[in-house]
Amino acid sequence: MKDLLSEVNKCYDILTKGGLILYPTDTVWGIGCDATNAAAVEKIYKLKQRSNSKTMICLVANDFMLEQHVEKVPELAYDIIDLSTKPTTIVYESPKGVAANLIANDNTLAIRVAKDQFCQYLIKKFKKPIVSTSANIAGQPTPTGFKEIADEILKGVDYVVNLDRDKINSTPSSIIMLGNDGTVKVIRE
């Protein structure tokens, strides 16, 4: 527990300064930053060599934080969050209070309520959503564990979390798009 809290504090300091962290999420290892800081978000696009028209996921700690960053959360979202058996990211219309360069051209944003302890603690302490994008250069395979992360990524972040480095997790989250008009579309199972 002491290790967990000390890692949370180190990440908090980096995020507050607009830096990038490499951290274990409830799915794969992710590159993260303050989702409200456009300059920090831009650093991730550069590091991943990815056009900023390709959007990234945001992690929040709970339903309350989710509601702070979406104009209107469809009722169905709460059922999906409560009932899903694996990490599930939902794409919402009309996000608010995040960096403009995180929002897709169609005015949507992918957000997941993180369930794992480390992400929960970090986001609650930070009090803002955190970006989570897979720890790879655009077009390269998503690493299933820490050992597969390229040097370029390791050197490109400001801090690498020293937890769960042996854990293998090869499954990115499911992604579901919920329209305010009631439409539901599965983007990634």
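Strands here are DSSP runs (E) of at least two residues, numbered from the N terminus. The model is predicted.

**View 1. The open sheet of nine strands.** The strand order is β7-β1-β2-β6-β3-β5-β4-β8-β9. Pairing is mixed. β7 (159-160) and β9 are the edge strands, and each pairs on one side only.

**View 2. The pairing of β1 with β2.** Strand β1 spans residues 21-24. β1 and β2 run antiparallel, joined over four bridges. Ile21 has Gly32 of β2 as its bridge partner.

**View 3. Helix α2 on the sheet.** Helix α2 covers residues 38-48 and packs on the sheet. The strands touched by α2 are β2 and β6. The direction of α2 makes about 10° with that of β6.

**View 4. The largest pocket.** Its volume is about 710 Å³. The lining holds 33 residues. Nearest the centre of the pocket lie Arg50, Thr55, Ile57, Ile175 and Arg188. By class, the lining has 14 nonpolar, 13 polar and six charged residues.

**View 5. Strands in the lining of the largest pocket.** At least two lining residues come from each of β2 (29-32), β5 (108-113), β6 (130-134), β8 (174-178) and β9 (184-188). β5 gives the largest share, four residues. Among these strands, β2 also pairs with β1, and β9 is also an edge strand of the sheet.

Methods:
Residues numbered from 1 in each chain as written. Predicted model: local features only at pLDDT ≥ 70, side-chain atom pairs only at ≥ 80, totals over all residues. Heavy atoms only, no water. 1 Å grid on protein atoms, 1.4 Å probe; cavity = no way out; pocket = protein on both sides within 12 Å on 5 of 7 lines; lining within 4 Å. Points joined across faces, edges and corners; volume = space filled by probe spheres on them. Nonpolar A, V, L, I, M, F, W, Y, C, P; charged D, E, K, R; others polar. Pairing = 2+ DSSP bridges. Contact = heavy atoms within 4.5 Å. Axes fitted to C-alpha atoms, helices over the stretch in contact; angles between N-to-C directions.
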